[in-house]
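This briefing goes through selected side-chain features of one protein structure. Keep the sequence and the 3D view at hand while reading.

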Amino acid sequence: VKAKKTCSGFVLKSKKYYLTKGWTLYTDSDYTAFVRNHKKMTKVEYSIYYTYFYKVDGPFIHSKLGKTAYTTKKKCLTACNKSTKCKGCSYKESKKKYYTSTTKIFYLGEGNDRAYTKRGKAIVKDGYVWSTEDDGHKIVGDYLDSTTHTTLAKAMAACAKKTGCTGVTKTASKKYRLGKKDTAEEKTGMRPYFRGSKIVTYRLKIWTLIPGMVLTSQQKTSYKTYKKAMVACTKSSKCTGVNYVSKKYYTAQGTSLTPSSGNKCWMLGTDYTPYFTYDNTVWYYKEGYKTTGDIGFGTTSYSTRNKAMYKCARNPICNSVHYTSKKYHLRTGTKVTWKEGDNAWVYGKSTVDFTKVYLPITTGLWNPRPGYKLKNPIGKTTYSTLPKATKACMKNSACNGVHYIKKTKKYQICKGKKPIKTTGYIAYPRKYPCDGNCSASKKSKVVTIDMKYCFTVTSIEISNKHKCCSKNSGKVVVKVGKNTCSTVTMKGKTSALLVDCASGATGQKITMTFANIGDINIDEAKLVVSGSDTC
């Protein structure tokens with residue numbers, strides 16, 4: 001039989017031979033298939049992430065190749081990503097070079113030839129790489145099941161768990177259905193997302209799982225886990241992936257794939273950092289890495305990741321969360337270094353409302369406002385850290401806040417109270433109990449002082465109006481929030497009440513419950529407090 005570029009073999013039926021161009025074999029007693037393999041070609045099919053989704057087919061090559069030869073796959077795919085006319089890249093083993101292509105059509109090549117066909121923008125989610133296809137299409141045929149999902153994320157998570165699922169079609173706003181075919185058809189108002197190969201994200205890389213095949217040039221050293229093998233692989237410039245053979249893991253340096261029943265490999269891909277959104281903030285997850293830099297004030301370690309992220313997102317100094325020694329720590333740094341067993345989450349974009357954020361620093365309470373500054377800096381002295389600046393501010397009766405200048409990386413204390421929108425600054429106006437004017441309200445037997453913000457109360461001094469209190473007697477239970485500060489006894493006329501909160505009760509409201517309130521009439525309230533973030 002004369003071989004053609006599109007020919008994959010031939011079949012025998014009823015004493016007649018027919019050329020074939022497909023590689024998939026089907027069971028049929030009427031046929032005998034003869035698969036072309038005169039150059040020991042192995043059919044490979046998988047998908048990779050490289051900003052775009054690339055479908056990889058071998059041993060195939062695109063029919064229209066550019067003139068420029070690239071020495072690496074990375075260089076070719078990078079060039080293809082930049083061009084709207086580029087439809088993919090092809091690797092020609094005979095020349096050991098990569099070429100861009102202006103068509104998605106490919107034909108049968110030889111040996112280790114590969115066709116990398118560009119699809120839509122890639123999404124990495126739920127252990128797979130997904131292709132975002134064009135609007136106005138849907139996955140061919142009926143849907144996989146009767147379930148309609150309300151978000152793409154939920155639909156992808158469901159699809160990832162079902163072996164028969166090929167992808168997701170957005171059928172309408174907040175409506176997503178699972179598909180069971182691997183091609184798309186035109187359908188106005190819809191959009192498909194095809195599921196590709198399984199992947200692993202580790203060591204800030206993407207690793208494509210290829211079952212039933214292994215990479216050539218397997219190295220001798222074995223590892224107990226795939227992660228340990230991946231660590232070793234990323235330390236070698238020659239490593240191309242990790243093989244799983246006979247229940248052990250090995251690094252490999254070859255680019256060719258060979259069939260290996262019951263085994264598999266993870267092909268080393270491009271750089272990638274997983275990310276997700278929590279609490280209106282994007283976080284970049286770096287497994288096996290650590291960050292550094294102490295915050296320098298307040299509570300900086302937590303028992304849960306989400307609590308640490310919540311606090312970090314509301315502290316302009318915090319840029320990452322670092323897990324180590326069973327605790328989640330707030331860090332100022334974003335640079336990561338490898339430390340097996342640790343994990344880091346680096347702060348990204350956020351839409352947290354800072355008008356409602358308050359930080360306790362050096363006994364005061366401060367409202368961080370990124371993108372704002374305060375008027376009237378006091379003197380020319382600058383400070384290298386926020387705690388030093390807030391401490392200086394609290395010693396100066398004219399100071400109402402501090403601001404940070406990003407250009408100089410210094411802090412100034414200021415007279416101004418109201419933040420003014422200005423790029424390159426972070427304002428920290430000081431917050432006072434009751435905004436500096438505390439008063440008490442009386443209802444039945446309870447007197448309440450609303451401090452508006454979270455404070456730890458050390459002492460409370462209540463002054464009554466001159467003509468009052470002759471009818472008051474009995475115990476008074478004083479609480480800060482839900483915490484009892486003290487219980488005192490009043491007898492006869494009492495012009496003032498001084499309460500020592502030795503326990504350091506914390507809350508936003510102070511309540512005094514009188515056994516017999518009589519004619520109590522509060523005139524003035526003086527508080528000794530320190531800022532808190534535990535309310």
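Y249 has a relative accessibility of 13% and therefore counts as buried (buried means under 20% relative accessible area, exposed over 50%, and partly exposed in between, with a 1.4 Å probe and protein chains only). The model is predicted, so local features need pLDDT of at least 70 and side-chain atom pairs count only at pLDDT 80 or more, while totals for chains, interfaces and linings use all residues. Residues are numbered from 1 along each chain as its sequence is written, and side-chain values use heavy atoms, with hydrogens and water left out.

**Aromatic rings**

- A pair of aromatic rings is described by the distance of the centres and the angle of the planes.
- Rings of Phe, Tyr and Trp (its six-membered ring) pair if their centres lie within 6.5 Å; planes under 30 degrees apart count as stacked, over 60 as edge-to-face and the rest as tilted.
- The whole structure contains 21 aromatic pairs.
- One of them is the stacked pair of F10 and F34, with 4.6 Å from centre to centre and 15 degrees between the planes.
- F10 is in strand β1 (residues 9–13) and F34 is in strand β3 (residues 32–35), so this pair ties together parts that are 24 residues apart in sequence (helices, H or I with at least four residues, and strands, E with at least two, are DSSP runs numbered from the N terminus).
- F10 is partly exposed at a relative accessible area of 21%, and F34 is partly exposed at 35%.
- Y226 and Y249 form a tilted pair, because their ring centres are 6.4 Å apart and their planes stand at 55 degrees.
- With Y226 in helix α3 (residues 226–234) and Y249 in strand β20 (residues 248–252), the pair ties together parts that are 23 residues apart in sequence.
- Y226 has a relative accessible area of 26%, so Y226 is partly exposed.
- Y226 and Y249 belong to one aromatic cluster together with Y244 and W266.

**Charges over rings**

- A charge sits over a ring if NZ of Lys or CZ of Arg is within 6 Å of the ring centre and within 35 degrees of the ring normal.
- R203 lies over the face of W338, at 4.2 Å from the ring centre.
- K373 is placed over the face of Y425, at 5.3 Å from the ring centre.

**Salt bridges**

- Side chains of opposite charge can pair when their charged atoms come close.
- The search of the whole structure gives 14 salt bridges (a side-chain nitrogen of Lys or Arg within 4 Å of a carboxyl oxygen of Asp or Glu).
- One of them joins the side chains of R119 and E133, with 3.1 Å from N to O.
- This pair links distant parts of the chain, 14 residues apart: R119 is in strand β10 (residues 114–125), and E133 is in the loop between β11 (128–132) and β12 (137–139).
- R119 is partly exposed at 25% relative accessibility, whereas E133 is buried at 16%.
- K205 and D271 form a salt bridge whose closest N and O atoms are 2.4 Å apart.
- D271 lies in strand β21 (residues 257–271) and K205 in strand β17 (residues 205–215), so the pair ties together parts that are 66 residues apart in sequence.
- D271 is partly exposed at 49% relative accessibility, and K205 is partly exposed at 23%.
- K43, E45, K55 and D57 are joined in a network of salt bridges.

- H403 belongs to strand β31 (residues 401–405).
- H403 counts as buried because its relative accessibility is 2%.
- The side chains of H403 and Q412 are joined by a polar contact of 2.9 Å (a pair of N or O atoms within 3.5 Å; within protein, one must be able to donate a hydrogen and the other to accept it, and residues adjacent in sequence count only if both atoms are side-chain atoms).
- A polar atom of the H403 side chain also lies 3.1 Å from the backbone nitrogen of L374.
- Leaving out residues up to four places away in sequence, H403 touches several residues, including K373, L374, Q412 and Y425 (contact means heavy atoms within 4.5 Å).

- F354 is in the loop between β27 (337–350) and β28 (359–361).
- F354 is buried, with a relative accessible area of 12%.
- Not counting residues up to four places away in sequence, F354 touches A313, R314, N315, P316, N367, P368, R369 and P370.
- F354 and T71 are 283 residues apart along the chain, and their C-alpha atoms are separated by 50 Å.
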